[in-house]
Amino acid sequence: MNSEIHIPSRHKADIQQARPEFIRLPKPGSRCPHTGLSRGTLYELCVPSEANNHRPPVRSHVIRKPGAARGGRLVDYASLLAYVRQLPSNLEGE
């Protein structure tokens with residue numbers, strides 16, 4: 001007996017859209033709707049700092065117009081998920 005689940009093609013597109021390629025940092029005081037992480041935590045994972053030895057574990061990109069001082073940061077969602085998955089689980093430490 002075949003144990004695979006058949007997903008109609010119209011639903012496959014919905015499933016693929018549920019996992020974005022990039023996510024934006026949430027607004028200050030709010031949490032990411034995809035991960036539940038705060039803006040500060042995501043920022044610390046994406047931006048070089050002394051805390052991460054100037055080698056951020058999560059890839060991100062800043063989008064800004066030429067000459068602009070500010071822009072929007074896009075977090076590579078696959079990179080974020082890979083980072084989280086490599087962290088030890090609660091079961092391993094207890």
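Which residues gather in a patch of positive charge on the surface? They are Arg24, Lys27, Arg39 and Arg70. This is a predicted model, in which local features need pLDDT of at least 70 and side-chain atom pairs count only at pLDDT 80 or more, while totals for chains, interfaces and linings use all residues. Residues are numbered from 1 along each chain as its sequence is written, and side-chain values use heavy atoms, with hydrogens and water left out.

**The positive patch**
- A patch is made of residues with over 30% relative accessible area and no salt bridge, like charges being joined within 9 Å, and a salt bridge is a side-chain nitrogen of Lys or Arg within 4 Å of a carboxyl oxygen of Asp or Glu.
- Arg39, one of the patch residues, has its place in helix H2, residues 39–46, where helices are DSSP runs (H or I) of at least four residues and strands (E) of at least two.
- Arg39 has a relative accessible area of 33% and is therefore partly exposed, a class that lies between buried (under 20%) and exposed (over 50%), with a 1.4 Å probe and protein chains only.

**Ser79 in helix H3**
- Ser79 is found in helix H3, residues 77–86, and counts as buried because its relative accessibility is 7%.
- Apart from neighbours within four places in sequence, Ser79 is in contact with Pro57, Val58 and Arg59, contact meaning heavy atoms within 4.5 Å.

- Asn53, in the loop between H2 and strand E2 (60–63), has a positive phi near 55° although it is a residue other than glycine, and its relative accessible area of 60% makes it exposed.
- His54 is found in the loop between H2 and E2, with a positive phi near 60°, and counts as exposed at 51% relative accessibility.

Key:
Patch = residues over 30% accessible without salt bridge, like charges linked within 9 Å, V, L, I, M, F, W, Y side chains within 5 Å. Areas by Shrake-Rupley, 256 points an atom, 1.4 Å probe, with all protein chains shown as cover. Lys, Arg positive; Asp, Glu negative; His and termini not counted. Charge placed at Lys NZ, Arg CZ, Asp CG, Glu CD.
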